[in-house]
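I set out to record what I looked up in this structure. My entries follow the order in which I consulted it.

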Amino acid sequence: MKNSTNPQSFDQIVRNVFAPIYPVIAEQIVDKTAITSGRCLDVGCGTGALGIALANITDLHISFFDQSEEMLNLASGYAAAHNLQDRSAFIRGDIHAIPLIDEDVHLVISRGSSPFWEDWHKAYSEIIRVLKPGGMAYVGGGFGNAKLRDSIVQTMSEKNPDWRNSFKDRIKPERDALPGILASLRPAHFNIIDDESGFWAVITK
Ligand SMILES: C[S@@+](CC[C@H](N)C(=O)[O-])C[C@H]1O[C@@H](n2cnc3c(N)ncnc32)[C@H](O)[C@@H]1O
């Protein structure tokens with residue numbers, strides 16, 4: 001398994017540093033997908049911040065999905081604090097074998113998890129498998145916009161001077177491989193966003 005994320009320290013970072021990015025990314029997801037109702041799977045949800053931000057501006061039901069039980073416990077606490085008990089579920093598992101039936105969800109979202117996946121071809125084929133026909137995925141990583149990104153890079157670099165380089169190293173292999181992988185999986189449509197919002201694959205089944 002690729003080196004993963006420590007739940008307690010990640011929770012601190014999300015609350016103290018990353019918090020403002022999630023509402024911005026949630027707006028971008030609605031803008032690019034126009035999916036605001038039905039079932040959404042947040043893959044590698046961590047503490048649930050993106051799924052919660054998206055639930056706050058849509059009618060989506062969010063299934064928070066992560067391999068880490070501790071992350072899911074944190075996500076469950078935050079979802080309850082946002083009164084999302086009736087619009088949330090918590091699923092433990094691995095992206096390479098998503099424990100959902102085919103064509104189950106309208107939208108898959110994922111932020112900051114894909115660098116940890118062992119096999120992108122398998123992972124993205126699983127994402128496409130669980131999408132309903134016409135469903136969409138918004139998968140990748142980023143900090144929303146240039147202003148937020150620059151301020152986060154500065155804050156994180158003060159904590160760890162090598163943070164920016166390790167972060168760049170982590171995303172490069174996927175950036176190189178993804179266009180070929182997605183072409184081989186033949187979804188109805190895909191495009192890659194690579195701009196100040198981050199690096200995102202937008203896929204339509
Ligand atoms: C950096 S965190 C991102 C969390 C959250 N999406 C966010 O943006 O705040 C990466 C998450 O991906 C999860 N993860 C890594 N590999 C996974 C896999 N193979 N299957 C499911 N979850 C995975 C980790 O447990 C961790 O919670």
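**Entry 1: helix α2**

I looked up the buried residues of α2 and noted Ile21, Tyr22, Ile25, Ala26 and Ile29. They cover an arc of only 130° around the axis, so they lie on the same side of α2; the arc is that of the directions from the helix axis to the C-beta atoms. I recalled that an α-helix has 3.6 residues a turn, so residues three or four places apart point the same way. A residue counts as buried if 20 or more other C-beta atoms lie within 10 Å of its own, as exposed if 12 or fewer do, and as partly exposed in between, with C-beta atoms placed from the backbone. Helices are DSSP runs (H or I, at least four residues), as are strands (E, at least two), numbered from the N terminus.

The model is predicted: local features need pLDDT of at least 70, side-chain atom pairs count only at pLDDT 80 or more, and totals for chains, interfaces and linings use all residues. Residues are numbered from 1 along each chain as its sequence is written.

I found that the buried residues of α2 pack against α1, α3, β4 (105-111), β5 (131-141) and α6 (146-159), contact being C-beta atoms, placed from the backbone, within 7 Å. Just after α2, I noted that Ala34 takes a positive phi of about 55°.

**Entry 2: Asn83**

I located Asn83 in the loop between α4 (69-81) and β3 (88-92). Asn83 is exposed, because 11 other C-beta atoms lie within 10 Å. Asn83 and Asn56 are 27 residues apart in sequence and 9.8 Å apart in space, C-alpha to C-alpha.

Definitions and conventions. Two residues are in contact if their C-beta atoms, placed from the backbone, lie within 7 Å.
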